[in-house]
Amino acid sequence: MSCGRKALYLVLQLKTPSKTLCFQRILVLQRTIASTAEKFKHIKIAQEVVDSLKTEPISVDVVLEHGKIVTMKLYQAEKYAKARDLKIMPIKEHNRPIQLFKLVTGSEFFKYEMEQKHAKKAEQEIKHHEKRMNITCKIEDHDLYAKLNQVKKWLTKNIKTEVTISFRSNEEDKAESTLSRIEQYLKSEGKIHQKRVKNNLMKFFIIPASSEK
């Protein structure tokens, strides 16, 4: 994707109201656009976009002390909270078109930050304890078993593997056969979990045999 097109794509995300576009994502988009500005300064429209972002504050909704929700600029919300010795904290679950915040005390905001930090750490640990393997239904025994020997090593470390078997429309029986070969080869160390088939792809997890479903 060219720099100019990348800028426009990012700006469309930034300027299109969406409840799924969280506050953190907005900041990431802004930083990305700003960091790439130097790479496409010669593209007039991209530079105009960057300039406009520098002068166009983000609008947010804020739940005030008495429960009333008002729309204001982000810097205004931060100033409002600071004047009352409070913080603004994003609310994840909401049905509004722009990010919703609420006023909280310093201790409440610290607790929120700690929860976010622990959630991120837990997510990283989950990713660390999950591997992926992509194969076709035509894979030869030698190649398949070489891959499965690696899966065995992961299983001994309590790491599960997500397997994807690709096949053509008339080859689903071959995918099932490949699955049977995998199941048979790993019958002592692992078991198949959450098998699903869609769009010529068979996906499932191989988890340690001792694991609970």
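Tutor: What follows goes through the sheet, then the salt bridges.

The model is predicted. Start with the open sheet of four strands. Its order is β2-β1-β4-β3, and its pairing is mixed. The edge strands are β2 (69-73) and β3, each pairing on one side only. From one strand to the next, the twist averages 40°.

Now look at one pairing in detail. β3 and β4 run antiparallel to each other and are joined over five bridges. Within this part, Ile88 lies opposite Leu103 of β4. A helix covers the sheet as well. Helix α4 (residues 74-83) packs on it and touches β1, β2, β3 and β4. The direction of α4 makes about 115° with that of β2.

Side chains of opposite charge can pair when their charged atoms come close. The structure holds 10 salt bridges. One of them joins Arg96 and Asp61, at 2.6 Å from N to O. Asp61 sits in strand β1 (residues 59-63), while Arg96 sits in the loop between β3 (87-91) and β4 (100-104). The two are 35 residues apart, so the pair links distant parts of the chain.

How exposed is each partner? Asp61 has a relative accessible area of 3%, so Asp61 is buried. Arg96 has 27%, so Arg96 is partly exposed.

A second bridge pairs Lys138 with Glu171, at 3.4 Å from N to O. Both ends are in loops. Lys138 is in the loop between β5 (130-136) and α6 (141-156). Glu171 is in the loop between β6 (160-166) and α7 (172-185). These residues are 33 apart, another link between distant parts of the chain. Lys138 counts as partly exposed because its relative accessibility is 47%. Glu171 counts as buried because its value is 7%.

Lys152 belongs to helix α6, and Glu189 to the loop between α7 and β7 (190-198). They are 37 residues apart. Lys152 is partly exposed, at 22%. Glu189 is partly exposed too, at 29%.

Notes. Residues numbered from 1 in each chain as written. Predicted model: local features only at pLDDT ≥ 70, side-chain atom pairs only at ≥ 80, totals over all residues. Heavy atoms only, no water. Salt bridge = Lys/Arg side-chain N within 4 Å of Asp/Glu carboxyl O. Buried < 20%, exposed > 50% of the residue type's maximum accessible area, 1.4 Å probe, protein only. Pairing = 2+ DSSP bridges. Axes fitted to C-alpha atoms, helices over the stretch in contact; angles between N-to-C directions. Contact = heavy atoms within 4.5 Å.
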